Structure formats: C-alpha cells, structure tokens
Amino acid sequence: MIVLKSQREIEAMKKAGEILAACHREIAKRIKPGITTWEIDQFVDQFLSENNATPEQKGYKGYEYATCASINDEICHGFPRKEPLKEGDIVTIDMVVNYNGALADSAWSYAVGKISLETEHLLNVTKEALYKGIEQAVPGNRIGDIGHAIQKYVEGEGFSVVRDFIGHGIGAVIHEKPDVPHYGLPGKGPRIKEGMVFTIEPMVNVGRYQTKMDNNGWTARTIDGKNSAQYEHTIAITKDGPFILTDQG
Ligand code: MF3
Ligand code: CO
C-alpha cells in the first residue's frame, strides 16, 4: 500500500531534508585526500545532534553507523572506516535524517581531490540522471516513466544502471511503497499521485551493472571492479510536480 502524506507531514519531512542538505554541504567542504570516512561519520553524528536530529540508519536492521560511505567500486552500504581517502577516489555518503519523527534520505557522490576525466563524467552523468528521473515525477505519470528516463540517458552515455538496489517510498520508516527502479518501461508501474513521498537514487556503473556482496553482508560492489556513483534525493509529489525535500540549494 502506498501511503499518501498530508501537507503537514510533508512540511515535517522538509525540515529533516533541510538539515540533511546542510550536512551534505558541510561534508563537501571536508572531503579531501587524507580524511577518513570514519571521521566523516563522526562529523555527521555530531552535526545532527547539534541540530536536534538523529541518524536513522544507525540501528536500522543492525546497521551500526550514521552514514553509508561507499568508495570507488563500492556501490552502496559501505562501512565508514579508518582508512584515508586518496587523491582520485570517489566516495558516496548516504544518510537518513530523523527530525521529530519525520525522515529524509539523500546520498551524494564526492570527488577526492583531482579525479580522472572518466570518473568526472561518471559523476556528472549520475547526477544528471537523478534530475532526469525527478522531471518525470509528476502526477499522472507512472513510476516506470522515472526509471525509463534514467536508464535511457545513462545507457546513452555508455554507462550502466544498477538493478539490485532501487528507490523507495519513505515516511515513518525508511522503506515504504512504492518501489522506484532506475530502469524499466514507460507507462508501467503505479500511477504517481499528489502526496506521495519517495526517493530517487540511481547508482550508475562505469562497467557492468551487476553487483556482488561483500562478506560483511551489507556492502555491494561492482563485479568488474570499475567505479560506481550515486546521487539521491527525497521528493514529495505536489499538484505542480516534484518538490525536492533534500535540495542543497
Ligand atoms: N539510505 C539508504 C537508501 O537510500 C538506506 C540505507 S539502509 C542502511 O535506501 F541500513 F544501510 F542504513
Ligand atoms: Co539513502
């Protein structure tokens, strides 16, 4: 069942989204060669508590950190760790913020120092893919229109879209209906309605789209060892179209 949110619920999620966006802007200033994702995770913990918010991922299904920090060929759910980031790396920081019981979810990929032209292209295409998906999130369209727009664009740029992890409705809990794949056919899937709140979070790979799971049971990485990037926003559907709750401005 897809739960539609009231204006008041969306307002509450917008406050969580504003804190999350501010946190990403702070992370952007801190990412450079030598910093560890462990330090970023600690920064996020502190930033959220200073803003009277909490990291919803911590404790979720036994996950132990405020953030997921996925480096290079890691697609998602990387663990923060005490290993310095190196020039040329990319890292995706993903987090869910809880503010007074309302949630928002946003992931962002960051370049560490100077990166290769191919990796820069990967970041640009992945971010653009997110916005191409968001454009389709208007009342009357179907969920499949979002994934189709993303897949068509990404594959046209010579990259691939991950199938094993998808966007999701969000509200009182992190994962609700609807499922929001980043691939698929136009005109398919549930109809998009005013009051829906969901994430769009394409993971884009330089090489093949298939994933493999680390022994830790959480971290997914590319099967060919090539880089993967991700950008994610939480959006609310209004009668005028999508409203980005986690916009960094
Ligand atoms: N933020 C993730 C998402 O986009 C959820 C991560 S679940 C966790 O769906 F347990 F890893 F935190
Ligand atoms: Co997320």
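**Figure 1. Contacts across the whole chain.** Among contacts in the protein between residues at least 6 apart in sequence, 69% join residues at least 24 apart. The model is predicted. It holds four helices and 15 strands. The C-alpha atoms fill a box of roughly 45 × 45 × 35 Å along the principal axes. A compact globule of 249 residues would have a radius of gyration near 18 Å, and the 17 Å of this protein agrees with that. Of the 249 residues, 53% count as buried. The protein exposes about 10,900 Å², and carbon and sulfur atoms supply 50% of that area.

Figure 2. Distant parts of the chain are linked here: aspartate 94 sits in strand β4 (residues 90-99), and glutamate 232 sits in the loop between β13 (228-230) and β14 (233-238), 138 residues apart. Both aspartate 94 and glutamate 232 are buried.

Figure 3. Ideal angles for six octahedral donors are 90 or 180 degrees.

**Figure 4. Strand β2 (residues 68-71), covered on both faces.** Side chains in a regular strand alternate between the two faces of the sheet. In β2, Cys68 and Ser70 lie on one side, with Ala69 and Ile71 on the other. All four are buried. Strand β2 pairs with β4 in the antiparallel sense, over four bridges. Alanine 69 has isoleucine 93 of β4 as its bridge partner. Strand β4 also carries aspartate 94.

Figure 5. The bond runs from lysine 177 to proline 178. Its omega is near 0°. Proline 178 belongs to strand β8 (residues 176-180).

**Figure 6. Asparagine 52, with a positive phi.** Asparagine 52 is not a glycine, yet its phi is about 55°. This residue is in the loop between α2 (37-50) and β1 (54-55). Its relative accessibility is 61%, so asparagine 52 counts as exposed.

**Figure 7. Lysine 61, in the loop between β1 and β2****.** Phi of lysine 61 is near 50°, a positive value in a residue other than glycine. With a relative accessible area of 66%, lysine 61 is exposed.

Notes
Residues are numbered from 1 along each chain as its sequence is written. Chains are lettered from A and ligands numbered from 1 in the order in which they are written. This is a predicted model: local features need pLDDT of at least 70, side-chain atom pairs count only at pLDDT 80 or more; totals for chains, interfaces and linings use all residues. Side-chain values use heavy atoms; hydrogens and water are left out. Helices (H or I, at least four residues) and strands (E, at least two) are DSSP runs, numbered from the N terminus. Buried means under 20% relative accessible area, exposed over 50%, partly exposed in between (1.4 Å probe, protein chains only). Two strands pair if DSSP finds at least two bridges between them. The radius of gyration is taken over C-alpha atoms; the globule rule is 2.2 Å times the number of residues to the power 0.38. Contact means heavy atoms within 4.5 Å. Accessible areas come from the Shrake-Rupley method with a 1.4 Å probe; for residues, only the protein chains shown count as cover.
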